[in-house]
Amino acid sequence: MSSTKPAWPPRKQPQAKLLLLWTLLLLGVVAALLKRWRLTVLGAAAVLLVPWMVVLDLTLPASTEVRNWSLAWTGLDVLMAVGCAATALLGLRDDPRVRLTASATAAVAVLDAWFDITTAQPGADLAQALACAVGEGALACVCVFLAVGDRRFRNRADFRRR
């Protein structure tokens, strides 16, 4: 009898590499499907919100008494001030996360302007709300520019990814 090694089973290393490649491929497919699924759910939520808005418009009372009114408004302004401070701090440090805080602060500024105008009484109260809305709109525009248009933050973010 000869003492040669059998040809079977083949080396395990190519099988391990093949298994790793198939696993990575499967993970990539799953990640792509999850991204598409999340976007589909987000789109469905947008569509489903339309009938909900109609229900709210038809059923909510025209006016109501609100508890903690001053706390709600003060909290919204505190949120906007914190957003401005965080955006300024991150922007001065050339931190690419400034785009996130700028986006959030722009949204808060627009919401503040919306609620200022829609809850104001006609007359001087509404005129004051409109004047404040101009300032909040300007703040939102600056924040949107920082979030989307300022190329130095985009380039720095690209540099950090490398």
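## A look at the helical model

Asp95 is buried, with a relative accessible area of 5% (buried means under 20% relative accessible area, exposed over 50%, partly exposed in between, with a 1.4 Å probe and protein chains only). This is a predicted model, where local features need pLDDT of at least 70 and side-chain atom pairs count only at pLDDT 80 or more, while totals for chains, interfaces and linings use all residues. Residues are numbered from 1 along each chain as its sequence is written, and side-chain values use heavy atoms, leaving out hydrogens and water.

Asp95 pairs up with Arg97 in a salt bridge, their closest N and O atoms sitting 2.6 Å apart. The rule here asks for a side-chain nitrogen of Lys or Arg within 4 Å of a carboxyl oxygen of Asp or Glu, and it gives a count of one salt bridge.

| Residue | Relative accessible area | Class |
|---|---|---|
| Asp95 | 5% | buried |
| Arg97 | 48% | partly exposed |
| Trp37 | 56% | exposed |

Trp37 belongs to helix α1, residues 12-59. As for the fold, the protein has five helices and zero strands (DSSP runs numbered from the N terminus: H or I of at least four residues for helices, E of at least two for strands).

Of the 162 residues in the protein, 19% are buried. Looking at contacts (heavy atoms within 4.5 Å) between residues at least 6 apart in sequence, 66% join residues at least 24 apart.
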